[in-house]
Structure formats: C-alpha cells, structure tokens
Amino acid sequence: MSNRPDSSGFGFVSPLASRLAQFLTLKQAMGYRYKDGLGALRDLDRFLNTRLSVDDPVITLAIAHDYVARRGTESETTREHRLTLIREVCRFLRIDDVRIVVPDRRSLRIVRSKFVPRVLNRNEGRRFLQACTQLPAGRTSPIRAEVLGTALRVLYLAGLRAGELLRLTHADVDFDAGTLRIRNSKFNKSRIVPIASDLVECLVQCRTFATQHFGAALPHVPLFPSPRGGRYSVTALRAAFHKTLVIAGVERTSDKRIRLHDLRHSFACLRLLLWCEQNVDLGAKLPLLATYLGHVGLASSQRYLQLTQDLMGEITRRHQARFGYLIQERSCL
C-alpha cells in the first residue's frame, strides 16, 4: 500500500502520513474517540518525520526504542503510553509490510507500579454525601452546592464517568421512570441508567434551582449548568470534588491520592458489598454491573472491584455462615 501524503485533514506530515490517517480512521470506526490519541499520533508523526526515509519509510526497532526513550523527568506511565501507541501503529503497518517489527514491552524495561484506586468506605461515603450539600457558593456560582453537589452525588451513586455526567442534558433525564440516558459514551456505547428515587428527587431539586437561576430547562440545556449556563468543565468538577472531600474529612490513606474517577470505583465496590449482604449470586449479578457501568465485558468491570475493609468483613460473615461449622474452637488445657 502506498504512503501518499495525508489529505484527511488530520495534519500528519511524515512519510507515513496517509497510513497514520488510515490507522486513526480505523480506530474511530471501532468506537474509539481518540481525542487525546490524535495529539499523541501527531507527536509520533512529527518524530517519524525526522527519522524515516521518504523512499522507504520503515519503523525499525531502534526507531521505536528512541521514540519511547525517557524525555527529561517524565514518568514511566508517560513512556508506557508512547510504547502502547507505537506498538498498535506497528501492528497496523505490519499487515502490509512484514519488515515492521512490533517492539516487545519487556525490551524497554519500563517499570510502572500498578495503580490501586482509593475507594471510599461506607462511613466515608455517608460523610461525602452529606458534604455534597454543604459546598460553599462561589463568587460567580451562587447555586454551586445545588448543581455541583448534586453532580457529585450522581457520580458516587450511579457510577457515571465524569464526561458522561457533564454531557447530560434535560432531554436525557426521565424523571417519571427514574432513568438517565447516556449517549455515545466510551466505544460509542449508549445506555439507560436506572437511578434510585431519592437521587431522582435530588435531580428535581437541582432542576428547580437551575430553572430559577437560568430560566426554563430546555431539552438541550445542560443538566448541571455552569454560572454562564453552559457545561461545567472537568477541572471545575474536580475542584468541587476536592473541596467536598475536605468538608467530609476524607483524607488520603498511605500514598493513595483520591481521584474524581475513584467515585466510580467506590460505586462498584459499594454495589458488590450490598449484593454480598443480600446473599445473592455474584456470578449472576456481575454482568448486570458491567452493563450498568457501560463496559464492553466483565474484564473491564473486574478492574473496578477490590477487597475493601467493608467488603472483607461481609465476605467473612458470608463464608462463616456457610462453612463455620467446619472450624470449631477448642480450649487449650
């Protein structure tokens, strides 16, 4: 396949410009939005433009290693992201050119510690929800607690991604049925998310305050409007999240910082804990959790589940009730 100049509008300039455009088009057709990925691809394209021959543009192992090499004081995670990208690109190019070598992950010796999310325990979760109602008003956002406080409650109690939450409009909420419509999210998947009646009531109150402040709640208007009536940014939502943690007295443990996305992990673990308390068949319930979270399979959902202190106690209780008779204590004489 020829390496013609890129005419797709992506802005690639290297000898592999057309092939990179085809790679990006394929990823988007598979459901990947590739918003951040486009910037990374352009970075790779600029690098390749300085290293590849125009007549015979072949990515060698040495070129791949140079691309992944450490730059300044960047983290191993950043290097691993570049390695993942060039491996995917090389796999794609190798379909038409067997000379392309896919770099082995182990050959780069990237040491990345596995990130463990900071999950709120049940007591912290209660304090967090209470603190959501106590957010102070901002200089330009007098209904900050009603809007962002409610938004944070939805993140924790419905397990949405931050982007999904901020893209919600009034047309996406069915107050009578108690559902949220998530449109074209990750992998271009859409889904209906049922929510509890008390959370629906919170959304009704939020809509009332927003309507009083901004006017009629038209279908296209954001469900959680910023002071100017548009969408809040993730940065503003994250700032409100950290302020809420301070109010709730929720602190980091050990070296684990608390991220906004950890509310989604906390939701999944809380749901699992409640199912354990109800003695339900977890094998039958986990597919429901995967669907609710908008995952493509169970493997994605399993990343969200970890053995928290609350969950450990419940699993111990459950197995004690079932197998406790097998272990009997004897006094030592």
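Modeller: The notes below cover salt bridges, cavities, backbone angles and a surface patch.

Modeller: This is a predicted model, in which local features need pLDDT of at least 70 and side-chain atom pairs count only at pLDDT 80 or more, while totals for chains, interfaces and linings use all residues. Residues are numbered from 1 along each chain as its sequence is written, and side-chain values use heavy atoms, with hydrogens and water left out.

Colleague: How many salt bridges are there?

Modeller: The count comes to 16 salt bridges. A salt bridge here is a side-chain nitrogen of Lys or Arg within 4 Å of a carboxyl oxygen of Asp or Glu.

Colleague: Which residue forms a salt bridge with Glu277?

Modeller: Glu277 pairs with Arg122, and their closest N and O atoms are 2.8 Å apart. This pair links distant parts of the chain, since Glu277 belongs to helix 10 and Arg122 to helix 5 (residues 122-132), 155 residues apart. Helices (H or I, at least four residues) and strands (E, at least two) are DSSP runs, numbered from the N terminus.

Colleague: And how does Glu277 count in terms of accessibility?

Modeller: Glu277 counts as partly exposed at 34% relative accessibility, and Arg122 also counts as partly exposed, at 25%. Buried means under 20% relative accessible area, exposed means over 50%, and partly exposed lies in between (1.4 Å probe, protein chains only).

Colleague: What about Glu164 and Arg161: are they buried or exposed?

Modeller: Both Glu164 and Arg161 are buried. They form a salt bridge with the closest N and O atoms 2.5 Å apart.

Colleague: Which residue does Arg183 meet in a salt bridge?

Modeller: The side chain of Arg183 meets that of Asp172, at 2.5 Å from N to O. Arg183 lies in the loop between strand 2 and strand 3, and Asp172 in the loop between helix 7 (162-167) and strand 1 (173-174), so the pair ties together parts that are 11 residues apart in sequence. Arg183 is partly exposed at 43% relative accessibility, whereas Asp172 is buried, with a relative accessible area of 6%.

Colleague: Which residues are linked in a network of salt bridges?

Modeller: Asp56, Asp97 and Arg99 are linked in such a network.

Colleague: Changing topic, how many cavities of 30 Å³ or more does the structure hold?

Modeller: The structure holds 2 of them. On a 1 Å grid over the protein atoms alone, a cavity is a set of points where a 1.4 Å probe fits but cannot get out, and lining residues have an atom within 4 Å of a point. Grid points are joined across faces, edges and corners, and a volume is the space filled by probe spheres set on the points.

Colleague: Which residues line the second largest cavity?

Modeller: The lining consists of Thr140, Ser141, Pro142, Ile143, Arg144, Val147, His213, Phe214, Pro225, Ser226, Pro227 and Tyr232. The elements that give two or more residues to this lining are helix 6 (144-158) and helix 8 (197-214). About 50 Å³ of space lies in this second largest cavity.

Colleague: What is the lining like by class?

Modeller: It has 7 nonpolar, 4 polar and 1 charged residues. Ala, Val, Leu, Ile, Met, Phe, Trp, Tyr, Cys and Pro count as nonpolar, Asp, Glu, Lys and Arg as charged, and the others, Gly among them, as polar.

Colleague: Now the backbone. What is phi of Asn184 near?

Modeller: Phi of Asn184 is near 45°, a positive value in a residue other than glycine. Most residues other than glycine have a negative phi. Asn184 sits in the loop between strand 2 (179-182) and strand 3 (191-194), and is partly exposed, with a relative accessible area of 43%.

Colleague: And Asn279, where is that found?

Modeller: Asn279 is in the loop between helix 10 and helix 11 (282-293). Its phi is near 55°, again a positive value, and Asn279 is partly exposed at 47% relative accessible area.

Colleague: How far apart are the C-alpha atoms of Leu157 and Arg264?

Modeller: They are separated by 8.5 Å, although the two residues are 107 residues apart along the chain. Leu157 lies in helix 6 and is partly exposed at 28% relative accessibility.

Colleague: Finally, which residues form a nonpolar patch on the surface?

Modeller: Leu26, Met30 and Tyr32 form one, with about 270 Å² of accessible area together. Patches are made of residues with over 30% relative accessible area and no salt bridge, with like charges joined within 9 Å and nonpolar side chains (Val, Leu, Ile, Met, Phe, Trp, Tyr) within 5 Å. Accessible areas come from the Shrake-Rupley method with a 1.4 Å probe, and for residues only the protein chains shown count as cover. Met30 is found in the loop between helix 1 (17-29) and helix 2 (35-49).

Definitions and conventions. On a 1 Å grid over the protein atoms alone, a cavity is a set of points where a 1.4 Å probe fits but cannot get out, and a pocket is an open set with protein on both sides within 12 Å along at least five of seven lines; lining residues have an atom within 4 Å of a point.
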